[in-house]
Amino acid sequence: MDNNATTIMSPKVVNVVTRWMNLGNPSAEHESALEAQKLMQRFRRLLAVQGGFELEGPLGYKILFTSGGSEGNCHVATAAARAYSARTGKLPHIIVSAVEHQSLLACCRQLARDRMIQQTVLSVRVCATARAQGCAPAGEIGTVDPEALRKEIRPNTCLISVIAANGETGAINDLRALGAIAHAAHIPFHSDTVQLFSKSALRPSGLNLDAFSGSFHKMHGPPGVGFLALRNDFIEGYGLGALVCGTQNEGMRGGTENIPGIAGAFAAYKRATKGRSAKNRQ
């Protein structure tokens with residue numbers, strides 16, 4: 001019954017996955033390989049249209065198909081730290097919240113243990129007792145206070161990452177306010193949007209997002225398929241690199257793409273977003 005942990009694939013989505021099982025490697029040049037390439041291009045365009053963002057230009061986003069939200073979270077934290085260190089010769093600092101997905105928290109702990117970063121973990125608003133003075137309004141409990149974020153920014157802060165929506169508490173962070181603070185300090189802003197992306201038109205530019213990650217098994221797609229969207233000027237300005245090297249995903253995420261999974265995710269995403277506005281009004 002926990003539809004935030006994962007979601008069930010419909011028989012139609014399962015059939016799509018099965019249909020693509022024995023088709024070509026999209027890095028090849030034969031007919032079924034070209035068909036797979038076109039599939040990914042169509043999917044990227046749909047994600048952009050439904051998500052309210054562009055694919056081209058410095059403010060457009062490059063979509064990397066990944067193994068899920070965890071990979072996307074770890075990719076952006078590690079790549080940003082490496083790029084900042086290589087460019088400046090300084091030890092980078094990353095700010096995250098205490099309620100991030102464990103993939104990001106564990107990644108930053110490991111980077112800190114390896115002395116690759118300094119990290120700050122922001123507490124969220126709470127109401128500890130009924131007698132607490134100045135208790136946060138109900139809609140803010142479990143979210144990051146923008147002013148708390150502002151106070152933790154350092155000269156060497158290279159990335160701020162705050163989750164969009166918490167799948168356990170339902171708390172939704174004010175990404176627009178948090179991202180504005182990050183951008184005022186010229187710091188890239190990333191969000192784990194796994195629990196929000198299919199449920200609303202994200203419009204990442206308006207939320208000041210330089211990167212965001214998602215996972216399709218939260219949208220009635222197959223497990224093991226996700227995406228990381230990186231703003232083009234973030235990639236170029238920071239000199240972001242790949243964690244898995246190769247030519248796929250424009251050199252940003254190597255490895256033969258999981259075409260059956262991507263095809264199933266494409267079919268599931270179309271079903272998940274059909275009539276979304278009406279469902280959100282219910």
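**View 1. The largest pocket of this predicted model has a volume of about 450 Å³.** Its lining is made up of 23 residues. Those that lie nearest the centre of the pocket are H101, G167, E168, Q195 and K218. Sorted by class, the lining holds 13 polar residues, five nonpolar residues and five charged residues. Helix α3, which spans residues 69-88, gives the most to this lining, with three residues.

**View 2. Seven strands form an open sheet with mixed pairing.** The order of the strands across the sheet is β1-β7-β6-β5-β4-β2-β3. Strands β1 (61-66) and β3 (118-122) stand at the edges; each has a single partner strand, so one side of each is left without a neighbour in the sheet. From one strand to the next, the twist averages 20°.

**View 3. Strands β2 and β4 pair in the parallel sense.** Strands of a sheet pair through backbone hydrogen bonds, either parallel or antiparallel. Here, residues 93-97 of β2 and residues 157-161 of β4 are joined over four bridges. Within this pairing, H93 has T157 of β4 as its bridge partner.

**View 4. Helix α4 packs on the sheet.** This helix comprises residues 102-113 and touches β2, β3 and β4. The direction of α4 makes about 150° with that of β2.

**View 5. Helix α6 also packs on the sheet.** Residues 175-184 form this helix, which touches β4, β5 (189-192) and β7 (226-231). Between the direction of α6 and that of β5 the angle is about 150°.

Notes:
Residues numbered from 1 in each chain as written. Predicted model: local features only at pLDDT ≥ 70, side-chain atom pairs only at ≥ 80, totals over all residues. Heavy atoms only, no water. Pairing = 2+ DSSP bridges. Helix = DSSP H or I, 4+ residues; strand = E, 2+ residues; numbered from the N terminus. Axes fitted to C-alpha atoms, helices over the stretch in contact; angles between N-to-C directions. Contact = heavy atoms within 4.5 Å. 1 Å grid on protein atoms, 1.4 Å probe; cavity = no way out; pocket = protein on both sides within 12 Å on 5 of 7 lines; lining within 4 Å. Points joined across faces, edges and corners; volume = space filled by probe spheres on them. Nonpolar A, V, L, I, M, F, W, Y, C, P; charged D, E, K, R; others polar.
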